[in-house]
Amino acid sequence: MNIRRRFSPFSPFCLGLSWLLFTGHAVPASSEADPSTSDEGAPLPSASSKKAPPPLSPGSAGQPYSLPAVTVTGVGGEESVLPTARPDSSVYGVPIDVMDTPRNVVPISRGLAQSAGIGQFGFLDPLSTAMLAPAALTQINYGIASAPTIRGRNGLTLINGIEETLNNNSEQNIPWNYNMVESMDLVEGPSNAVYGATQVSGGYVNYITKQPYFDQFRGYLWDTMGMYQEYMWGADIGGPIDKDKKVAYRFSYMGQENGSYYQYQRNDQQNFYLALGYRPNESYTIDFFGDLGTYDYTPMWGMINRPTQSLIDNGLYLPGALSPMQATIGPVNNPGAATYLGSPVGISRRDVLFNPTDGGYGTTGLMQVIQKAQVNEDLQIVNNTFFWYHDDQWILHPIFYSESCRGDYEIDNRTECRLTFDLPAGAGDESEQTRAVLGELRLHNLVDAGVELHYQKNLDYNSDSFIVLNSYSLINQNPLLWNALLSKAFQSRIGNPKAPFGGEWPIPGAPPGYYFEPANLAAGTTDCRYAAVSPFYQHSLEISDKLSLQVGARATGYFVSAQTPPGTPAVLFTQLDTTQLTPLVTVGPVYRIFPWMSAYFDFNWGYVVNAADMGGFSPFFTANQFRLLNELYEGGFKFDLLRNRLFASVDAFSQYTYLNNRAGPATPSTVTGFEAGITYQPDRHFWAKLGYAYMHGTEDWTSVGHGPPMYQTYSTALALQQNLPLNNNGMFPAGIYNFLGFPDQVMSGMVTYRTDLGLGVTLGGLVMSEQSLGYDYAVKIPTQFVLNATLFYTTPRWEFRLYFYNFTNEPYWLAFGMGANGTRTFNYEDIVPGMPFWVQGTLVFKF
């Protein structure tokens, strides 16, 4: 269905009209709509609903007649899992039908996320998003990531259409609050001209937060309990505030006191979310979203060390500890492994490398105001103002990793002018052949143009270069000895400006034992302030009823001032003052071969930047770290079949991007692949979603002068066999290498059936192909699978869900670092044992 308005070709520059945002003239938005857009409404009707009924045949003249009763059943908007259920706004900033969108996008409703287990663990589970989008298989990300890995590269995090830049590679270093999320859109590939992108990514997730309830007062209470000390609870209420239902609210609270399957790991948090909406008339809307979160947690970094093929295949671990005083990096003064390692023994998968004193605490805060003004039927103005606050402090002794972020914040404001108009189509001039190919000429235009302003402040201290995990033994060693501070080599770095990355220095104001490295580049230490100005232009041209074109451009100017933070010795003081420009261009034609089939191509070219640990810039960065190319070629087909009951898509892509190197410059990489997906929902009782992704990633080190680094370049088993030192901290020769910890093939599927009584079951499965841990490709995680199931029962007042994760108890493994993530350099020091069979239950009372 084509839904469009006729507008005059009036094109004022929208910035001059931004004052209208405060005059009270706008179209009311649906309370369930995407707050970053204005036109998203109810689900599109099915194909059958578009057809007029046959004419009625009256009875005999003067005789009355009656129609038989007809019962109509369908799938409600909240229950539909089909991508075509509603227009999508995340790819180009304004709602566009999925069939006319030249990109692979996966809309994920709250129900779908619930079925897949997204956010049900209290952190971003590495497998849950892949259940719905196989290209979004991710790593564990320490349990503190805000977006999954997409196509082998960390995704960006957007909140109601604004990028959260206070993170690096989606690692915000505090657990993500899924309680404030209503739905999300997962988009594969670089961002668009309206939203923009700061960092390199394989895609992004746009989180749509909970909306006010304008219709009536309602709410629910919920409680979740699971094996391994999992306790989560919350409340959600909302409704209109005034009798005219022009002002409404929604308040949501969540608490957690979670232990873990893994020893000494915890996540306790409190989150308070508030949404307020005001609809004074048909010309103006304003929404406020706010969230405050407090966190007491242990980042999931040290898992099982010394990964070997024997550990992966048989659960056998090489014991034997080097004295913590002797733990060091490199081959110098580092004893051979055969001098202290013993014979392989069995190990519990719960025994992971956390010191009992590890952990930290933090606070996050969100404030966002979105205003929409309908100036006239030709022009709409949208203003989106976003504020994000972050403060954290944590330490992990075995690695050694310490971090202290002192009240970082970002402020973002984007003003959009959305103008639609029709150009003269020259009716009757086109030939019959042209009409047969292009269809009816329309020349309908939608322009979204404006400017985005950004300011960010970072004061971050970080140390994470002394990686000696393989010196410790998980067998017969006191966990308090898993502490790099006991090492003579580490102690020699303290107060030594000639040590690697400028040595280790006490973090001002932090507890004793916290240290930072002044010169660790992308790892994170910086005192940075920067501003960015980004004019953008996005044009959607509906040439005909068969052919459309999306083109966009954006240019971001960065004005950066960064220096080493207080506490840095004078001899190491460095500062960076620079102005940089990063352009972005997108082109995406779509051709409707048939009403139910479209073909598309997408080209996205742009520069992005390398970021430090919390999204700031290191004072040691050079100009080329502000010109990292992110380039995508993608083409595919989409199918809307069986009267809008079945959606299918296939696509092929090639994306040129960059590797994240925590303590070095970014280096080029390429990911190419093929994807296929199908979603089937014939009615409200049944739905099925299947997906397959083939992705091959390579790293190009030919022009760097050396190959990829690793904190240990060979398996611990080889070190024992040849009496080599552990933690040798070496580099491979220059060349082209395949991605590590990255299965080339991923297949996933979910099926749900429920009865009219509300009783139902969901089954989900995930298959991952073989993946290598190191650049010698000697140790591999074999092909493996995970199966999940959920039983549920829903009524108007009650809902109960019982989750059975990994119900076949498959002993699967995950590489600690996947694909282009910087933590791939730890893969011979750290491996993640997957969760075994476990049960979780959630009870909800609705009112």
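A: Happy to! Let's begin with Cys-528, which is buried, with a relative accessible area of 0%. Keep in mind that this is a predicted model.

Q: Which cysteine sulfur is closest to the sulfur of Cys-528, and how far away is it?

A: The closest one belongs to Cys-405, and the distance is 12 Å, too far for a bond.

Q: And Cys-405, is that one buried or exposed?

A: Cys-405 is buried, with a relative accessible area of 0%. Looking from its side, the closest cysteine sulfur is in Cys-528, again 12 Å away.

Q: Got it. What about Ser-404, where is it found?

A: Ser-404 is in strand E17, which covers residues 401-422. Ser-404 is buried, with a relative accessible area of 0%.

Q: What does the side chain of Ser-404 make a polar contact with?

A: Its partner is the side chain of Arg-406, at 2.6 Å.

Q: Which residues does Ser-404 touch, leaving out those up to four places away in sequence?

A: Those are Asp-392, Gln-393, Leu-459, Asp-460, Tyr-461 and Ile-507.

Q: New topic: which residues touch the most other members in the largest nonpolar core?

A: Ile-108, Met-184, Tyr-262 and Trp-301 do, in a core of 129 residues. Strand E16 (residues 379-396) supplies the largest share of this core, with 6 residues.

Q: Which residues are in the second, separate core?

A: That core has 13 residues, including Ile-96, Val-105, Leu-158 and Leu-446.

Q: Back to Tyr-262, what does it touch?

A: Not counting residues up to four places away in sequence, Tyr-262 touches Met-300, Met-303, Arg-349, Arg-350, Val-352, Phe-354, Val-832, Pro-833, Gly-834 and Met-835. Tyr-262 also belongs to an aromatic cluster, together with Phe-121, Phe-123, Tyr-228, Tyr-261, Tyr-803, Tyr-805 and Trp-838.

Q: Oh, aromatics! How many aromatic pairs does a search of the whole structure find?

A: It finds 47. One of them is formed by Phe-121 and Trp-838, and this pair is tilted, at 5.3 Å centre to centre with 45 degrees between the planes.

Q: Where in the chain do Phe-121 and Trp-838 sit?

A: Phe-121 is in the loop between helix H1 (110-116) and strand E2 (149-150), while Trp-838 is in strand E40 (residues 838-846).

Q: What kind of aromatic pair do Phe-732 and Tyr-737 form?

A: That pair is edge-to-face, with 6.3 Å centre to centre and 65 degrees between the planes. Phe-732 counts as buried at 15% relative accessibility, and Tyr-737 is buried with a relative accessible area of 10%.

How values were computed:
Residues numbered from 1 in each chain as written. Predicted model: local features only at pLDDT ≥ 70, side-chain atom pairs only at ≥ 80, totals over all residues. Heavy atoms only, no water. Core = buried A, V, L, I, M, F, W, Y, C linked by side-chain atoms within 4.5 Å. Buried < 20%, exposed > 50% of the residue type's maximum accessible area, 1.4 Å probe, protein only. Helix = DSSP H or I, 4+ residues; strand = E, 2+ residues; numbered from the N terminus. Contact = heavy atoms within 4.5 Å. Polar contact = N/O pair within 3.5 Å; in protein donor to acceptor, adjacent residues only side chain to side chain. Disulfide = S-S within 2.5 Å. Phe/Tyr/Trp six-rings, centres within 6.5 Å; stacked < 30°, edge-to-face > 60°.
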